[in-house]
Amino acid sequence: MLIKPMVRNSICLNSHPKGCAAVVEQQIAYVKQHLRPSTETPKMALVIGCSTGYGLASRIAAGFGYGAATIGVSFEKPASATKPGTPGYYNNLAFERAATNAGLVVKTLDGDAFSNEMKASVIDAVKTIAATAGIPAKIDLVVYSLASPVRTDPGDGVMYRSVIKPIGGNYSGKTLDMMTGKLSIASVEPASADEIIGTVKVMGGEDWELWIDALDKADVLSPAVRTVAYTYIGPELSWAIYKNGTIGRAKEDLERASNAINARLAVNGGAAWVSVNKAVVTRASAVIPIIPFYVSCLFKVMKDKGIHEGCIEQITRLYKDRLYVSGGVVPLDDARRIRLDDWEMRDDVQAAVLACMESVTDETVFTATDLTGFKHDFLEAHGFDVRGVDYDADVDPSTI
Ligand SMILES: NC(=O)c1ccc[n+]([C@@H]2O[C@H](COP(=O)([O-])OP(=O)(O)OC[C@H]3O[C@@H](n4cnc5c(N)ncnc54)[C@H](O)[C@@H]3O)[C@@H](O)[C@H]2O)c1
């Protein structure tokens, strides 16, 4: 069948197998150039949320940069003979194919990371991998990179939902339609108390703690294990909807969990951090108010200054200059966080972004901002608009 992008209301409903596979190959090529294994780098990594965005980059960097055995957990829809699967489904296939060809040890588990069953399956996988590959049954790196709209608490079976809403008052701000380039004002009602609780339950740190607890009790963590979860802070102009909103509350809880997990692991020489990453374009970026507008201006400024990064460049920097920096001391901010948003938050960058946001009009949006780059990254996250892929060729959606 021919597969062309189907975008409705800033959501892309399908994906292209060959395009997804090509992007995975590009990321593999990047880390092979930039990372080298050492005695300090991980031999076995677990990536929770491994199939797209920051988690995919984290898995690729651990596997192809450091030669680690990787266990990946994600929740994706497979393809049928007539309907494409989700991008993460194809990314996982592409990662596994390339890793197997390169002689790397891999195991991908598809299902609900929030469940007790998935935690038990991962523990079994660690032991099986260790037995067959002849390596210790110990995970050295746990990356927690879930982004989910819902979570069923395995304790009481209640399903919680996460929302992106302001707290305490309405939010209204400029937003940008990625497909048409039209600027408009988006308004969002404040979250209810239940919505705040729900978002913290889904996107906060509770599940990360449950993972570490289960892995630790099963004795599959190496004494010097390192674990990291990702967060975003962003500029003040987005705080009403992000940092001071529901998702910000959840991220505060992630930081709480990071400190609790760190205290637990430090007893044996391990550590936990949150890493504040840069804004990038992922599948959900286009539907968050202000984000397409802010990111289009940010990309323009960072590309002009030669400091633009996507997921794979960010994670390469996370591993090389932070988690496994030579000398061993992980650079942290005053709140014990890793900062990969240092270039995004530079004063000169933020001043230029603000000037861009204040001056842009419907007429100048394609020249004064990098909306084209935003749209490209959005389509690319679904396997479209990828250089070298023939979108007029017939493809079998069931395989890469
Ligand atoms: N996108 C950004 O600009 C940005 C910036 C800074 C930090 N972050 C943070 O990075 C983390 C990852 O975000 P992303 O943008 O890479 O997300 P993403 O949507 O690209 O990836 C989410 C991953 O979670 C998996 N997943 C979702 N629900 C699951 C479930 N129930 N069970 C198993 N797997 C499940 C998906 O399969 C996928 O692998 C999030 O914590 C996010 O807040 C994102």
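Which residues touch the most other members of the largest nonpolar core? In this predicted model, they are A45, I48, I60, I139 and L298, out of 114 residues in that core. Helix α8, residues 291-304, supplies the largest share of the core, with 9 residues.

Let's stay with I60 for a moment. Leaving aside residues up to four places away in sequence, I60 touches Q27, I28, V31, F95 and I312.

Now let's turn to the ligand. The shell around the ligand holds 28 residues, and G49, G53, A113, S148 and Y230 come nearest. Two or more residues of this shell come from each of α2 (53-66), β4 (69-74) and β11 (221-231). Helix α2 gives the most, with 3 residues.

Our last stop is helix α10, which runs over residues 347-359. With 13 residues at 1.5 Å a residue, α10 should span 18 Å, and this agrees with its end C-alpha atoms, which are 18 Å apart. Which residues of α10 are buried? They are V353, C356 and M357. These three cover an arc of only 95° around the axis, so they lie on the same side of α10.

Notes:
Residues are numbered from 1 along each chain as its sequence is written. This is a predicted model: local features need pLDDT of at least 70, side-chain atom pairs count only at pLDDT 80 or more; totals for chains, interfaces and linings use all residues. A nonpolar core is a set of buried Ala, Val, Leu, Ile, Met, Phe, Trp, Tyr and Cys residues joined through C-beta atoms within 7 Å. A residue is buried if 20 or more other C-beta atoms lie within 10 Å of its own, exposed if 12 or fewer, and partly exposed in between; C-beta atoms are placed from the backbone. Helices (H or I, at least four residues) and strands (E, at least two) are DSSP runs, numbered from the N terminus. Two residues are in contact if their C-beta atoms, placed from the backbone, lie within 7 Å. A residue is near a molecule or strand if its C-beta atom, placed from the backbone, lies within 6 Å of it. The expected span of a helix is 1.5 Å times one less than its number of residues. The arc is that of the directions from the helix axis to the C-beta atoms.
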